Amino acid sequence: MAGQEFQEDVESGTDYSFPISAEKLSEMFDPDNLRDKHSMQKLTELGGLDLLLSKLRTSCTNGIRADDEEHLERMRVYGLNAPISKTRKSLMSMICEQFDDEVLRILLVAATVSLVIGVWSDGWGSGWIEGTAILLACFIVVFVTAGNDYVKEQQFIRLYERAEDRYITVRRESRTRQIKVFDLLVGDILHLSQGDKIPVDGILVEGHGISVDESSVTGEDHVIYKTVNLGMMEHCDPFLISGTQIMEGHGIMLVCAVGKLTQEGKSKMRLQEAEQDSTPLQDKLEVLAGDIGKAGFGVASVTVVALIINLMVHKISTGDELFDSETLNEIAQYIIVGITIIVVAVPEGLPLAVTLSLAFSVGKMKEENNLVRHLNACETMGGGNVICSDKTGTLTQNRMKVEKLYCEEQIFHKLPETAISHKTLELLFENICINSTAFLDLDEDTGIFNQIGNKTECAMLELAEKFSYRYEDEREKADI
């Protein structure tokens, strides 16, 4: 069987080749194949579960080897279970993105025109002041917005990685151990229990009463019952999809796809490709910029035409030559007046005021422990009146402890050893140790057990340890 072949591999050499590609394994978990019942056929094409375990150089009882070279080869062939996040943008790219704003572009043109006209009309002594002031306001808007977005982007990436990072229980080289979820490899034997969110795609190899909430993948609101493929069941469904949650039961699964090749990973990659919509305030500012531009151009045109007509009437009434150098100089001055009207009509302080007010809002929200990634998110959230949450708000240490024991028709609070007969204790703790699937991992530095698995079972196992009943020994002695 697969376990024997695995042992032979361990003893015989360091051949790290894997005959199955990552794409072949990932195909089994494609939603279309799962819906059309083609996934079992693809598993059969790979030789069934036992042969798949052998080809992945693993087994249900031993797991994969704790060999760094083999782990590197698994990463090379099947990928990493790294957190999926957007490609990090550089600060320069974020600065360049700010110039996509139509209002900002109009301001830059207005600043350039104002600078040229000011220097031409008043010289370098004072003509540069107005245009430079507008340019300075533009650059303040650009650098404040881009700088805030860059810093918050880095913070959110670290926060996301920390939120996703958690410890999971696997079996490697016949030992049950806890590793970080990002260290999972294809071929790992992953322990599952009620309430766990499945981090990767895999196949159920052992389990009892496993039911899974797959609404995040299929949209169906009812739980799906999973069964182990015993080779005799036509309609069995052992396929576990990343992002779904174990509602009931416990078991172990063979990890078949990690990282970007999981169904959850593919969904996240597609979401990252989607373009972000502009916010309501951005839409309004663009409309305002267009309206101001049209109105300013209209008023400037009427003013220039009126001035030219007035000049022509004056020339005709006085009998002066219509198109001499003085007339052309006057017309040029009128055009400058029209451009000045357009420049003055542009609200150069509006983007700066909006940016500073949103930056102030970000600071206030940070004081209340709300981290905001983008400045414009404050504007969007400002329209919210009600926040709905499905959390109870209870904070716990994620541990349980036995406080009372009802035994031999008595309630015990301090659980003294002499108060309960030895035969009763032996029967009680034999029951607790054998009829449980949780584990305890003693932290040698603190002397406290790390509870792995169902917390209620862990609490009872700790009670057994206090009475000198080691659950490992009891499970080994049990013939089940």
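Buried here means under 20% relative accessible area. Keep that cut-off in mind for the tour of this predicted model.

**Whole chain**

Show the whole protein before selecting anything. It has 480 residues, of which 36% count as buried. The secondary structure consists of 18 helices and 11 strands. The accessible surface comes to about 28,600 Å², and carbon and sulfur atoms hold 55% of that area. Among contacts with a separation of 6 or more, 67% are between residues 24 or more positions apart.

**Helix α5 and the loop after it**

Select α5, residues 48-55. Its buried residues are Gly48, Leu49, Leu52, Leu53 and Ser54. Just after α5, stop at Arg57, where phi is positive, at about 55°.

Go on to Thr58, in the loop between α5 and α6. Is Thr58 buried or exposed? Its relative accessibility is 0%, so Thr58 counts as buried.

Leu80 lies in the loop that runs between α6 (68-78) and α7 (91-98). With a relative accessible area of 48%, Leu80 is partly exposed.

**Leu135 in helix α9**

Move to α9, residues 129-164, and pick out Leu135 within that helix. Leu135 counts as partly exposed because its relative accessibility is 21%, and the cut-off for buried is under 20%. Which residues does Leu135 contact, leaving aside its neighbours within four places in sequence? They are Leu108 and Ala111. Draw a C-alpha to C-alpha distance from Leu135 to Leu107 as well: these residues are 28 apart in sequence and 7.8 Å apart in space.

**Two serines with positive phi**

Select Ser174, in the loop between β1 (167-172) and β2 (175-180). Ser174 is not a glycine, yet its phi is positive, at about 70°. At a relative accessible area of 39%, Ser174 is partly exposed.

Then jump to Ser468, which sits in the loop between α17 (455-466) and α18 (471-477). Ser468 is another non-glycine residue with a positive phi, here of about 65°. Is Ser468 buried or exposed? Its relative accessible area is 65%, so Ser468 is exposed.

For the last stop, select strand β10 (residues 439-442) and strand β11 (residues 449-452). The strands run antiparallel and are joined by four bridges. Which residue in β11 is the bridge partner of Asp441? The partner is Asn450. Together β10 and β11 form a hairpin with six residues between them. In the turn, select Gly447, which has a positive phi of about 75°.

Methods: Residues numbered from 1 in each chain as written. Predicted model: local features only at pLDDT ≥ 70, side-chain atom pairs only at ≥ 80, totals over all residues. Heavy atoms only, no water. Buried < 20%, exposed > 50% of the residue type's maximum accessible area, 1.4 Å probe, protein only. Pairing = 2+ DSSP bridges. Contact = heavy atoms within 4.5 Å. Areas by Shrake-Rupley, 256 points an atom, 1.4 Å probe, with all protein chains shown as cover.
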